[in-house]
Amino acid sequence: MSATARTFTVRHVQLLRAFFAALSAVMVTFSADHSAEVGFSVFGGFVAASGLVLLIAAWVVPRPDGRAPYILLGIVDLLAAAVSGVPALRTEGAFFLVLIIWAAATGLIELIAGLRARNIDSTAKDSITIGVLGLLLAVILLVIPVGYSLDYTVEGAGALTLTGIILAVGMLGGYTAIVAVFLAIAGFSPRRAEEKKDAATGTATSEPVETGGQS
């Protein structure tokens with residue numbers, strides 16, 4: 001293992017992703033404007049930062065045979081960021097479409113990677129959890145009608161309207177908030193030592209393994 005790999009671990013990937021997710025959640029929560037434009041701006045920044053972290057991590061954190069999930073997730077994130085940055089595509093329908101495709105794709109990648117590594121990597125459960133959260137977000141957005149509109153009145157605030165895009169942007173904020181908390185807990189969890197078989201010598205060695213999944 002290189003010096004870089006020892007200093008930049010799964011723990012740091014978890015914490016960096018938690019930071020960007022938390023930042024996105026705060027931006028959505030404290031923004032009075034939940035339009036498609038604002039939603040795309042927050043989402044685009046979130047996936048761009050996350051994508052870069054994942055691509056860098058792919059070369060310094062996992063085993064060589066475990067790089068594929070990082071690379072795939074990084075590519076999907078950066079593609080979503082690129083689409084989010086096109087002004088002409090910042091419509092309500094496009095926001096739903098991009099978010100659903102992204103959540104489903106990343107959710108499947110994380111879930112499959114976690115399931116495949118569950119018997120050889122004690123941290124795979126975190127990937128499974130993040131994957132399920134992504135798929136759940138995709139399902140929720142599929143249920144919300146793009147053209148949904150509900151007029152209601154709040155005492156002291158007057159007449160208000162709840163729309164599909166407001167719900168969708170709110171779901172993005174809720175998703176990033178949950179992911180931020182989960183990844184932060186995973187990143188700050190203590191390391192565990194596990195007995196591993198050295199492939200070259202066949203002798204048992206004890207190596208520290210970071211908690212936190214491949215996500």
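Let me begin with a term: a residue is called buried when its relative accessible area is under 20%, exposed when that area is over 50%, and partly exposed when the value lies in between. What we are looking at is a predicted model, and with that in mind I would like to start at Thr 129, which sits in helix H6, the element running over residues 124-143. Its relative accessible area is 31%, and Thr 129 is therefore partly exposed. In sequence, Thr 129 and Phe 182 are 53 residues apart, yet in space their C-alpha atoms are 8.9 Å from each other.

Now to helix H4. This helix covers residues 67-84, and since its 18 residues should span 26 Å at 1.5 Å a residue, the computed distance of 26 Å between its end C-alpha atoms agrees with that expectation. Which residues of H4 are buried? They are Pro 69, Tyr 70, Leu 73, Gly 74, Asp 77, Ala 80, Ala 81 and Ser 84. Viewed down the axis of H4, these buried residues fall within an arc of 130°, so they line one face of the helix. The cover over the buried residues of H4 includes helix H2 (10-29), helix H3 (36-60) and helix H5 (92-117).

Finally, the surface. Leu 150, Tyr 152, Val 154 and Leu 160 make up a nonpolar patch there, and together they have about 280 Å² of accessible area. Strand E1, residues 149-154, supplies the largest share of that patch, with 3 residues. Leu 150 belongs to strand E1, and because its relative accessibility is 37%, Leu 150 counts as partly exposed.

Terms used
Residues are numbered from 1 along each chain as its sequence is written. This is a predicted model: local features need pLDDT of at least 70, side-chain atom pairs count only at pLDDT 80 or more; totals for chains, interfaces and linings use all residues. Side-chain values use heavy atoms; hydrogens and water are left out. Helices (H or I, at least four residues) and strands (E, at least two) are DSSP runs, numbered from the N terminus. Buried means under 20% relative accessible area, exposed over 50%, partly exposed in between (1.4 Å probe, protein chains only). Patches are made of residues with over 30% relative accessible area and no salt bridge: like charges are joined within 9 Å, nonpolar side chains (Val, Leu, Ile, Met, Phe, Trp, Tyr) within 5 Å. Accessible areas come from the Shrake-Rupley method with a 1.4 Å probe; for residues, only the protein chains shown count as cover. A salt bridge is a side-chain nitrogen of Lys or Arg within 4 Å of a carboxyl oxygen of Asp or Glu. The expected span of a helix is 1.5 Å times one less than its number of residues. The arc is that of the directions from the helix axis to the C-beta atoms. Contact means heavy atoms within 4.5 Å.
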